[in-house]
Structure formats: structure tokens, C-alpha cells
Amino acid sequence: MKSSPTIALVGNPNAGKSSLFNQLTGLRQKTGNFPGVTMDKKSGTWPIDSHNTVTVIDLPGVYSIYPKSLDEQIVTDILANPKHPDYPDVAVVVVDASNLHRNLLLFTQVADLGVPTVLALNMLDVAHQQTKTVNAVRLAMRLGVPVVRINARTGEGIDQLKKAVLQQTHGPTLPGKLFFDPVDEIADLISDTKAQYQLTNNYLALQYIIQHDGFSFLTYPQRIGLDTLIDSYQFDESTFQAGETIARYKRIATVVAEVVTDQRPANQQTWTQKLDLILLHPVWGYAIFGFVLLLIFQAIFAWAQPFMDGIDTGVAWLNGQIKDGLPPGPLTDLLTDGILAGVGGILVFIPQIAFLFLLIALLEESGYMSRVMVIMDRIMRKFGLNGRSVVPLISGVACAVPAIMATRSIGTRRDRLITILVTPLMSCSARLPIYTILIALVVPSQRVLGVFNLQGLALMSLYLLGLISALLAAYVLKLLLKTKERGYFIMELPTFKLPRWNHVGLTVWESVRSFVWEAGRVILAISIVLWVLASYGPGNSMEQAEARVRQQKPIPSVELLQNQIASERLEASYAGNFGHFIEPAIRPLGYDWKIGIALLSSFAAREVFVGTMSTIYSIGSGADDADVTIRERLKQERNPETGGPMYTPALAWSLLIFYVFAMMCMSTLAATQRETKSWKWPAVQLVYMMVLAYVTAFATYQCMK
């Protein structure tokens, strides 16, 4: 039993469906999976009036109910199955009023399935810019359903939408007849299908006939029965589907001619089309994209630095205050050297994560990101990837897990598999803390050509290295995974528009909250375990380490004595033993046993590396260093063999290159297994990326030392 009515938002890509979802639900959103399918579902609650709250589901964007990919299939599975848990009481079909002819195809199919429907006319401002006027009243009369004028970006028309939805939930208004009735052409087949499967809707019966192999809710015997019916009537599904689409568009053209007034002179370009002549240009398009990337990475360093310094100093100050205010003992050490040091090591990067997602959200909101996908499609094809691979690869800059799940929009299995395997090479936000702290250690903060920050250029080079590596890996996989399948990339470009700051803010908030919450939980757990491993050792090894220090020649000051004791105790601990165990394998890369501990812990998640280093160096320092920031601790670390700085350019760049390629994210491997339904491909992913990381890090260190 549903606790509240379900409203499904349906629409073409870029019609404004997700914008309307954000308007209706605000912060009352959650992400899960559709029942029985590992497919992301965005849902939320909408207080439709003072007494009622409805559940709103944002379905994937589709052009018709005939799916061409996994994410489109879920829409048809829901709308064609009244028993589905997410079957809507009302479907709000969001259409782009500036392109009504194409958008109405999906609406007529949804309405013909018998789902109570409300048509939401969005982007009327864009239509107005194109001198188009849509008569909503006349359109409602022609279609036989409520039609509401809205602006999903500003929230205009939401009250009218509420009234229409309430009307459809309490007393549905359905079209008097089907927009396309298959009985007119295949009456006997429709009649037999309805009788055999207890159906009452002619168009739903047609979907059983055409799409039964893709419907997850039909049993094997039911599919066999439909195949028998089709064979007995010698029915050609593809030919009939093509004829249906043509017939719908003919009738839609008649409706549009009656309700839309277009005063624009023929062949007059809009300002979006004029901009596209430059942004999609085979030369200038790439130059502008490169400049945009440069600005993003410059901004990440320049704008975020003051906030990072403030958080870093604040965490160090709080650590010192706690140590001064609490009595010495294991609990105080756990709180300061374990939990606060580990979690503080990730909190300091919130400003950079926020600025990264802010800038990406601005590009998406404005419509520019779609242009990036189009121009990158030209490059992708040369490396054997489907143009739709651009979406997961760009999404991988935020997080590889949803990026891998986004490959469901890719139609061919080979292209989808290759995209899954190479997407983790794109530098995700979890790598950003590692990049920024190591770059800040060895790359001077100076200007190049008086404009560009050298640290920003270094950061951009790492992201470009990830992209180039992903393309080269895709090319190799294309040669190994041979198939005759061909992929196609079709994307409708949205018009350019000003960003909606409330949506941008919501995106940044959700991204930062998710990053901190997901990373914070892992870091908190690992910090506690790591503190225990670093504070205790086998037998009486810790006491022996302290005794050895005290028996050495006199140390000039109490502070140096405490630091030496802390360092020796750390080396004798369980964590130190683990680090020394793997040190021979990582020594050729320039890493010592302390870095080895961080490498091991970061297999849970890459961003744990910084938190681990913060914990390790907090434990390895004396109490007088409590107010020293993690960056200063790394700068002060000495190489025991040479006596010089531990974090030389050779070591730092070796680590940076290692983390560009290393597969150190259990969540990504789990996502790969879930999408490929096999542990073979996660194993391939893990092995090839770790080998690549080790070899390139080794070459980097040996060449630079």
C-alpha cells in the first residue's frame, strides 16, 4: 500500500524535468534504487497542500517509451506495469514549449497508456525569445488533459500545477480516445492479447506485443505466449513501430499548427545558435574549452586557499586546546591524534571541493556542458568510444561510482564495458585532497605570464593526464574487445540560460555533504583503527623503543627528546611493522614505511590518504607540536637516510602520478561488479590500473631523483 500518492515526472532530456523536481521537493530529496534494479532513483516529497504530501519521482529523460538503453527501459517498465511500486497516480509530462512538435510524441504515448496525465508547458520564455506563442487553453482542449504553463527555473506556475495534479488524483480526466489506436490496423491481434493477459487498454496491449522481451515484470511463459501470438499473425514489430511514429507526428503537426503561433522570420538564427557557431567550432571550440578548464583549476587554488588556511589553522588550534585542556592519557590521544587529526585532514579540503562542484554546476546550468560533450565526441570516436561515453567520463571528475552507473545510457555492450573500465582513470574529487597538498609542498605559488598560477597549471596537468590515459586505455581495449556493434551519439543541445543560483547552491550543498559524510565515516573508522595500531605494538616493543632513545647520548632539549621517543614508538608499533613489511616493495618508488601505511589505508578510499598522513605525523610528533598544521608537518619531515626533506619533488610527483592511475576505491570496484554482473572485470580494472600506477610512479621517481 502506498502511504501517499506518487507523482512521476516524465520528459525529454533538457526539457526542465529535473529543474521542476528541485522546485517541488527542495531539500526533501533522497537517492535510492528502483525496486529490483540497480538504477539510481531520485525521489522526494512535495507538500501539495496543507493536508497532503505526495511522493515525486524524477524518471530518466527519454524521447519515447521505446527504450534504446538501460536507463530508458526503467521508464517503460514503470509506466506499462500498474503493479510496479513506483507506478504513478499522476504523470506530469514536462515539455519544452519552444520545441512542442518533438516533445508531444512522448506525451501522447504516456497518455495512451492510460496514465492520468498533466502536461506542463515549460521554457515558455525560450519560446517567447523565438517569437513563438503557445495557446495552453486550446492545447488542453485538443489533448483532453490539463495543461499548465510553468517556469521550472523560477517556480512560476507551481500553484496551478498543484491544482491540476490534485484534480487528476481525485477525479482523473483522460482523453476521450487514444491519440493512436492500434485497433485500427491490428484489431484481432490486440483483441487476443487483451483477452489472454487481462488488459483493458489497447495501447498497453501493443506494448506487450512489441516490448515483451524487455519487460521485467513478464514471466518466461508469458513471453513465449506473446511470441506465439506474434507468429500466428505474422506481425512485424519494427515496421509497425515506425508506422506508429510517423502517424503520431502527422497528427501532432496538426495540433501544433492550431496552438502555436510563430512570428519569427524564416532562417533567422537565435543567439544560442550564433554562440554555437563558435563553441562547436572544430578549432575555437577546443580552445575555449581548454581556457575554461584552465580557469577552473586556477580558481580552485586561488579562491579556496584563504578558506583552507583558516580551516587548517583552526583544526590545529583546536587540537592544541584539547591537549592543553584535557589530562594526558589514551583517550585524549585518541581524540586529538586519532579522530581530530584524521577527520581534520579531510575537512580542510571542503573549500576546494565546493569550488569544483560550483564551477561544474555553473557549466551544466548554463548549457555549456552539453556543448563540451558534443565537441569531445569527435575525439572519442577516434579511440573507439561511443559519444555517450563523454557523459560518464566528465561525471568521473566528481565521482567514479555514479559515472559508471551513467554508462547505462550507452546502447552497445562493448562501448559500455570499455567506458566502465576506463572511467576511474578520470581524476575524481577524492583525489583532489591528495593533489592539492602534494602540489602545495613542491610547486611554488608563483605566477606564469603574470596571470596563471603555477600550482593551478600543475593541477590541470594531472587532470589532463587522467583524460589522456583514459583515451589511450580505451583504444587498447577497443583492439582487444573486438565486435561488430556500432554505437551512436545523439544529443539535443539546450538553449543557453542564466544559472539558477538556488539550484547551483543545492548541487554544491549535496555534493559537499555527500563527500564529507561518505569520506568522513570511512576516515573516522580508519583513524580510530590506525590510532590503535600506531599507539600499541607487539609485546613490550614500545617500551623498548623508548628505552633505546633514553639510553642514547643526551638530547639537547625536552622537546627533541619527546619527538624522538614518539617517532621510535610509532616505528615499533603494529602500524610501523605493517609499514616496514611492505617497504621493500615501495622503496623503488621513493616511499618509506610511513607512506606505506597511508597507501594501505587508502585502499578503502583514496581521500583517506591525507587523513592517514595527518594521523601518522600527529602520533609521530611531540605534544609541543599539537598546533602545527598537516602541511607544515609534511614540510618538516626529514629523510632518515639523507637528512634532507622527505617530500622532495621526485617523491611528491611519484605519489601524484601513482594516485592518478591507482585503483584505490572499493566503492568503484563494487559499482563495476554491479554493472557488469561479474567479478572478472573489477579484477581486470584493479590489476591494470595498479600495474600502470606502479610502473609510472617508478619511472617518475627514478627520472627525477
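# Charged and aromatic contacts in a predicted model

User: How many salt bridges does the structure hold?

Analyst: This is a predicted model, in which local features need pLDDT of at least 70 and side-chain atom pairs count only at pLDDT 80 or more, while totals for chains, interfaces and linings use all residues. Residues are numbered from 1 along each chain as its sequence is written, and side-chain values use heavy atoms, with hydrogens and water left out. Side chains of opposite charge can pair when their charged atoms come close. With a salt bridge defined as a side-chain nitrogen of Lys or Arg within 4 Å of a carboxyl oxygen of Asp or Glu, the number of salt bridges in the structure is seven.

User: Which residue forms a salt bridge with K17, and in which strand does that residue lie?

Analyst: The partner of K17 is D58, and the closest N and O atoms of the two are 2.8 Å apart.

User: Are R414 and D415 buried or exposed?

Analyst: The side chains of R414 and D415 meet in a salt bridge, at 3.1 Å from N to O. Buried means under 20% relative accessible area, exposed means over 50%, and partly exposed lies in between, using a 1.4 Å probe and protein chains only. By this scale, both R414 and D415 are buried.

User: Why does E583 count as buried?

Analyst: E583 forms a salt bridge with R587, and their closest N and O atoms are 2.6 Å apart. R587 is partly exposed, because its relative accessible area is 32%. E583, in contrast, counts as buried because its relative accessibility is 14%.

User: Over the ring of which residue does the charged end of R248 sit?

Analyst: R248 is linked with D112 and E244 in a network of salt bridges. A charge sits over a ring if NZ of Lys or CZ of Arg is within 6 Å of the ring centre and within 35 degrees of the ring normal. The charged end of R248 sits 4.7 Å from the centre of the ring of Y203.

User: Why is the pair of F307 and F355 tilted?

Analyst: A search of the whole structure finds eleven aromatic pairs, where rings of Phe, Tyr and Trp (its six-membered ring) pair if their centres lie within 6.5 Å, and where planes under 30 degrees apart count as stacked, over 60 as edge-to-face and the rest as tilted. The rings of F307 and F355 have their centres 6.3 Å apart and their planes at 50°, so the pair is tilted.

User: Is F307 buried or exposed?

Analyst: F307 lies in helix 12 (residues 284-325) and its partner F355 in helix 14 (residues 350-366). F355 counts as buried because its relative accessibility is 16%. The relative accessible area of F307 is 52%, and therefore F307 is exposed.

User: Which residues do ring pairs link into a cluster?

Analyst: A pair of aromatic rings is described by the distance of the centres and the angle of the planes. Beyond the pair discussed above, ring pairs also join several residues into a cluster, and its members are Y197, Y208, F215 and F217.

Note on methods:
Helices (H or I, at least four residues) and strands (E, at least two) are DSSP runs, numbered from the N terminus.
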